[in-house]
Amino acid sequence: MRLTALAPACISTLFLALPVYAAGSDSSTPPKPTETSTECEDGMVYDEKTRTCIKSSAALIDDDSRYAAVRELAYAGRYDSAMMVMDTARTPGDPRFLNYRGFVHRKQGDLDTAMAYYRRALAADPDHVLARSYMGQGLIEQGDLAGALGQLREIAARGGRDTWAYAALEGALRGMPTTY
């Protein structure tokens, strides 16, 4: 059932019992892009060891480093560069990368593709609360507040109530603007 037809007072009543948590309460806090991490050309990542930009396909870059770069690039709005880095991942089916493919597509306005990637991330890891949060935000954009609330409840049920992912989706359900 879509809640978009409900009066705003009814919608806000749904969320009165939901606690508010400060962003940053877990390791899923969005990164604050640094000048060095976002100054690299597309397809390049900043390597802390060498303090230079190197190709994301370089053998010395592991998927954890690629993931960190993807997050920073995505939050900095450098979606094409984030996709280029993800394209070099050794484990492209990693739910973290699938989630960020969804994030990038959602931010670029392609909600159907975004939802497909979120579903793939959750099929690989049903406890991936950040994918649930971003999926919920996409559902809000589609007008499916009941679906978004379902994702918020899933995050809580999977032990994520005290996470940034929960706080971000809960805030989005309350109508707070989000850049995530």
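Met 135 is buried, with a relative accessible area of 8%. Buried here means under 20% relative accessible area, exposed means over 50%, and partly exposed falls in between, using a 1.4 Å probe and protein chains only. Met 135 belongs to helix H7. Beyond its neighbours within four places in sequence, Met 135 is in contact with Met 115, Tyr 118, Arg 119, Leu 122 and Gln 151. Contact means heavy atoms within 4.5 Å. The C-alpha atoms of Met 135 and Ala 116 are separated by 9.6 Å, and these two residues are 19 residues apart along the chain.

This is a predicted model, in which local features need pLDDT of at least 70 and side-chain atom pairs count only at pLDDT 80 or more, while totals for chains, interfaces and linings use all residues. Residues are numbered from 1 along each chain as its sequence is written, and side-chain values use heavy atoms, with hydrogens and water left out.

Now for the whole chain. The protein has nine helices and two strands. Both are DSSP runs numbered from the N terminus: helices are H or I with at least four residues, strands are E with at least two. Starting at the N terminus, the order is α-α-β-β-α-α-α-α-α-α-α. Of the 180 residues, 48% count as buried. Among contacts with a separation of 6 or more, 61% come from residues 24 or more positions apart.

A search of the whole structure finds one. Cys 40 and Cys 53 form it, with their sulfur atoms 2.1 Å apart; a disulfide is a pair of cysteine sulfur atoms within 2.5 Å. The pair links distant parts of the chain, 13 residues apart. Cys 40 sits in the loop between helix H2 (35-38) and strand E1 (44-47), and Cys 53 sits in strand E2 (residues 52-55). The link of Cys 40 and Cys 53 is left-handed, with -80 degrees about the S-S bond. Cys 40 counts as buried at 4% relative accessibility. Cys 53 counts as partly exposed at 28%.

Arg 51 lies in the loop between E1 and E2. Its phi is near 55 degrees, a positive value in a residue other than glycine. Most residues other than glycine have a negative phi. Arg 51 counts as exposed, at 60% relative accessibility.

Next come the helix pairs. Helix H3 (residues 63-75) and helix H4 (residues 79-86) pack at an angle of about 165 degrees, with their axes 8 Å apart. Axes are lines fitted to C-alpha atoms, for helices over the stretch in contact, and angles run from 0 to 180 degrees between N-to-C directions. That angle makes H3 roughly antiparallel to H4. Angles over 145 degrees count as roughly antiparallel, under 35 as roughly parallel, 65 to 115 as roughly perpendicular and the rest as oblique. H3 passes H4 in a left-handed crossing. A crossing is left-handed if the near helix is turned anticlockwise from the far one by less than a right angle, and right-handed if clockwise. From H3, Arg 66, Val 70, Leu 73 and Ala 74 meet Tyr 79, Ser 81, Ala 82, Val 85 and Met 86 in H4.

H4 is largely enclosed by the rest of the structure, because six of its eight residues are buried. The buried ones are Tyr 79, Ser 81, Ala 82, Met 83, Val 85 and Met 86. What covers them includes E1, H3 and H5.

Helix H5 (residues 95-107) and helix H6 (residues 111-124) form another pair. Their axes come within 7 Å and cross at roughly 165 degrees. H5 and H6 are therefore roughly antiparallel to each other. Their crossing is left-handed. Residues in this contact include Leu 98, Phe 103 and His 105 of H5, and Leu 111, Tyr 117 and Ala 121 of H6.

The axes of helix H7 (residues 129-141) and helix H8 (residues 145-157) come within 8 Å and cross at roughly 165 degrees. H7 and H8 are therefore roughly antiparallel to each other. H7 passes H8 in a left-handed crossing. Among the residues that make the contact are Met 135 and Leu 139 of H7, and Gln 151 and Ile 155 of H8.
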